[in-house]
Amino acid sequence: MSVEPPEAPERFRQAVTSLREAEHNPNVTLREVPAPARAAPYSFAISAEVLRGDDDLAAGRFVVLHDPDGNDAWEGDTRVVAFVQADVDDEMGADPLLAQVGWAWLLDALDAHGARHHAVGGTVTRTASSRFGAMADEPDSSDVELRCSWTPDDGDLAAHLAAFCDLICSMAGLPPTQPAGVLPLPTAL
């Protein structure tokens with residue numbers, strides 16, 4: 001379990017509180033998990049899953065790192081590090097634009113939730129797996145993985161977590177949450 005020591009800086013404690021109190025997409029199951037201990041003096045981590053029945057559609061992790069002295073590479077004192085992995089159908093997995101689309105899902109989600117940030121960077125990886133020999137009976141599979149990080153412009157991280165939840169839903173093939181007062185268009189008439 002991620003625990004903030006009593007001597008943790010107020011900015012870090014407020015960030016953790018904002019995450020614990022944040023509303024998020026109900027399709028995502030969040031759980032506090034152990035945070036990396038060596039990446040920064042203070043850290044907090046949440047795992048995320050999108051399930052459909054017993055099927056795990058996507059999984060990820062949202063980590064907050066805090067160094068009161070700042071970090072030149074982060075361009076600040078707090079860094080969000082996120083990871084999402086999702087199975088995709090073979091057609092989508094073969095799409096040469098999947099990496100660009102995955103990256104756009106991240107940026108669009110941050111913008112849609114007003115999660116102000118800078119120094120964003122990351123990778124999107126597509127993987128196609130074929131099985132042979134004793135595993136030949138198992139179906140081929142494709143997946144996409146996004147690893148990214150950014151520096152939030154303020155200490156309230158609720159919008160950043162909401163954006164992350166929309167990202168993981170997009171990667172799982174689910175629609176993002178709708179802003180209050182906006183209804184989705186019907187898919188069939």
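This section describes the sheet, the helices packed on it, the nonpolar cores and the salt bridges of a predicted model.

The sheet is open and comprises six strands, arranged in the order 1-2-3-4-6-5 with antiparallel pairing. Its edges are formed by strand 1 and strand 5 (117-129); each has a single partner strand, so one side of each is left without a neighbour in the sheet. Direction ignored, neighbouring strands are turned against each other by 15 degrees on average. Within the sheet, strand 4 and strand 6 (residues 141-152) run antiparallel and are joined by nine bridges. In this part of the sheet, Val-81 is found opposite Ser-149 of strand 6.

Helix 1 packs on the sheet, where strand 1, strand 2 (42-52), strand 3 (55-71), strand 4 and strand 6 are touched by this helix. The direction of helix 1 makes about 15 degrees with that of strand 2. Helix 3 (residues 98-112) also packs on the sheet, with strand 4, strand 5 and strand 6 as the strands touched. Here the angle is about 145 degrees, taken between the direction of helix 3 and that of strand 5.

The largest nonpolar core contains 42 residues, of which Leu-19, Val-50, Phe-62, Trp-150 and Leu-161 touch the most other members. Two or more residues are given to this core by each of helix 1, strand 2, strand 3, strand 4, helix 3, strand 6 and helix 4 (158-172). The greatest contribution is that of helix 4, with nine residues. The surroundings of Phe-62 illustrate how residues from separate parts of the chain meet: with neighbours within four places in sequence left aside, Phe-62 is in contact with Leu-19, Phe-44, Ala-45, Ile-46, Val-80, Val-81, Trp-150, His-160, Leu-161 and Phe-164. Another core, of six residues, lies apart from the largest one and includes Val-33, Ala-45, Val-63 and Leu-65.

Six salt bridges were counted in the model. One of them joins the side chains of Arg-13 and Glu-10, with an N to O distance of 2.2 Å. Both residues belong to helix 1 (residues 10-20) and are three residues apart, about one turn of the helix. Arg-13 is classed as partly exposed because its relative accessibility, 29%, falls between the limits of 20% and 50%. Glu-10, at 42% relative accessibility, is likewise partly exposed.

The side chain of Arg-11 meets that of Asp-77 at 2.9 Å, N to O. This pair links distant parts of the chain, as Arg-11 lies in helix 1 and Asp-77 in strand 4 (residues 76-88), 66 residues apart. Arg-11 has a relative accessible area of 30% and is therefore partly exposed. In the other pair, Glu-32 forms a salt bridge with Arg-20, and the closest N and O atoms are 2.8 Å apart. Glu-32 is located in strand 1 (residues 28-33) and Arg-20 in helix 1, a separation of twelve residues that again links distant parts of the chain. Both members of the pair are partly exposed: the relative accessibility of Glu-32 is 22%, and the relative accessible area of Arg-20 is 42%.

Key. Residues are numbered from 1 along each chain as its sequence is written. This is a predicted model: local features need pLDDT of at least 70, side-chain atom pairs count only at pLDDT 80 or more; totals for chains, interfaces and linings use all residues. Side-chain values use heavy atoms; hydrogens and water are left out. A salt bridge is a side-chain nitrogen of Lys or Arg within 4 Å of a carboxyl oxygen of Asp or Glu. Helices (H or I, at least four residues) and strands (E, at least two) are DSSP runs, numbered from the N terminus. Buried means under 20% relative accessible area, exposed over 50%, partly exposed in between (1.4 Å probe, protein chains only). Two strands pair if DSSP finds at least two bridges between them. Axes are lines fitted to C-alpha atoms, for helices over the stretch in contact, and angles run from 0 to 180 degrees between N-to-C directions. Contact means heavy atoms within 4.5 Å. A nonpolar core is a set of buried Ala, Val, Leu, Ile, Met, Phe, Trp, Tyr and Cys residues joined through side-chain atoms within 4.5 Å.
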